[in-house]
Amino acid sequence: MDVLIELYKNLLPVLAFIGVGYFLKKRFNINPNFISNPLVFLLLPVLVIYNISEADTSKIVIIPIISFLIALAMNLPALLARKTIAKEEDINLLKSSFTFFNVLFFGIPVVSALFGQEATSVLICVYLGTAIYGDIFGYFQVAKTKLSTKEACKELAKVPFIYVFIVAIGIKIWGVEIPDEVDPAMNILGWVVSCLGMMIVGVHLTDVDFRKIKIPYFAKLLGFRTLSAIVISIVFIGGEYLIWESLDTEDYLMLILLPFLPVASNISLFASYLETEEERFSLVVLLSIILSLVLVPAVSQFFPS
């Protein structure tokens, strides 16, 4: 029960910023780029570079590979969903909704509550794998909802994560040490990044007509996404454990949480930046967050204290 209280205590203040974003858009008609641009081009890069520099070198290799493969494999259930329960959805929107996991914005408060603030560096390793897929292939998928293939490829050159990843790995290889004095500032930055990520979701929800939301449809779609992610995760995480068992128990537990995380709010950031399907993407993110608010605490009850 103490873990559950701590979990909600960390999550709910962050999720409240969905309401803040909604209010700012309704009351002041705030431009979403005021939030998304600093996040994409400044705050996220700083946080990623810092946490990669702090992470164990072996985990930077193994954990991202597992999370990348899980995200990549989620294209298969997305294609199946397109043929069955989501025949009218844009295929690129559907793939993005299935393959994007909110490892960072939703994951930071969850991991802080379950494992402590110091575990964030391991979470960043999980994020790296999903981000390599989501911020490159996934960004291309979102761009394809609006642009031609050629134009979408050109947009990829603008994705800051590619350059941030190269810089972060370079810092790790060269052994550059970041002073301990910046640790408190980075902890605060992690919280700020989570809050702003939720705020951008709220901004785009102002254009959603909640009276027309097809709850049974989205429940079926997100339920299928979750079950598919569980099966795929068991294959890759279980395979690594049975063959190599090279990670710590805490690392496996963080990876086990991946299928229960919501659709990444990065999808809303990209949609905002590209000005395409903002409302639809934000609605999927919101509904998946509601589902995760039930699933993550339920699953965490089985974790060793």
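Visitor: Helices here are DSSP runs of H or I with at least four residues, and strands are DSSP runs of E with at least two, both numbered from the N terminus. How many helices and strands does the protein have?

Guide: There are 14 helices and 0 strands. Two notes on the source: this is a predicted model, where local features need pLDDT of at least 70, side-chain atom pairs count only at pLDDT 80 or more, and totals for chains, interfaces and linings use all residues. Residues are numbered from 1 along each chain as its sequence is written, and side-chain values use heavy atoms, with hydrogens and water left out.

Visitor: How compact is the protein?

Guide: The radius of gyration is 18 Å, close to the 19 Å from the globule rule for 305 residues, so the protein is as compact as a globular protein of that length. That radius is taken over C-alpha atoms, and the rule is 2.2 Å times the number of residues to the power 0.38. The C-alpha trace spans about 50 × 45 × 40 Å along its principal axes.

Visitor: What share of the residues is buried?

Guide: Buried residues are 56% of the 305. Buried means under 20% relative accessible area, exposed means over 50%, and partly exposed is in between, with a 1.4 Å probe and protein chains only.

Visitor: Which helix is mostly covered?

Guide: Helix α6, residues 107-115, is mostly covered, with 9 of its 9 residues buried. Among them are Ile 108, Pro 109, Val 110, Leu 114 and Phe 115.

Visitor: What comes just after α6?

Guide: Gly 116 does, with a positive phi of about 100 degrees.

Visitor: Which residues have a positive phi although they are not glycine?

Guide: Asn 29 is one of them, at about 50 degrees, and Glu 245 is another, at about 45 degrees. Most residues other than glycine have a negative phi. Asn 29 sits in the loop between α1 (2-28) and α2 (33-54) and is exposed at 55% relative accessibility. Glu 245 is in the loop between α11 and α12 and is partly exposed at 48%.

Visitor: New topic. How many aromatic pairs are there?

Guide: The structure holds 7 aromatic pairs. Rings of Phe, Tyr and Trp (its six-membered ring) pair if their centres lie within 6.5 Å; planes under 30 degrees apart are stacked, over 60 edge-to-face, and the rest tilted. In the pair of Tyr 241 and Tyr 252, the ring centres are 5.3 Å apart and the planes stand at 85 degrees, so the pair is edge-to-face.

Visitor: Which helices hold those two, Tyr 241 and Tyr 252?

Guide: Tyr 241 lies in helix α11 (residues 215-243) and Tyr 252 in helix α12 (residues 249-257), so the pair ties together parts 11 residues apart in sequence.

Visitor: Are Tyr 241 and Tyr 252 buried or exposed?

Guide: Tyr 241 is partly exposed, with a relative accessible area of 40%, while Tyr 252 counts as buried at 8%.

Visitor: How many positive and negative side chains are there?

Guide: There are 21 positive and 26 negative side chains, and the centres of the two sets lie 16 Å apart. Lys and Arg count as positive, Asp and Glu as negative, and His and the chain ends are not counted. Each charge is placed at NZ of Lys, CZ of Arg, CG of Asp or CD of Glu.

Visitor: Take Glu 89. Is Glu 89 buried or exposed?

Guide: Glu 89 is buried, with a relative accessible area of 9%. Glu 89 is in the loop between α4 (75-83) and α5 (91-99).

Visitor: What is Glu 89 in contact with?

Guide: Leaving aside neighbours within four places in sequence, Glu 89 is in contact with Arg 82, Leu 94, Tyr 217 and Arg 280. Contact means heavy atoms within 4.5 Å.

Visitor: Where is Leu 4, and what is in contact with Leu 4?

Guide: Leu 4 lies in helix α1 and is partly exposed, at 21% relative accessible area. Apart from neighbours within four places in sequence, Leu 4 is in contact with Pro 297 and Gln 301.
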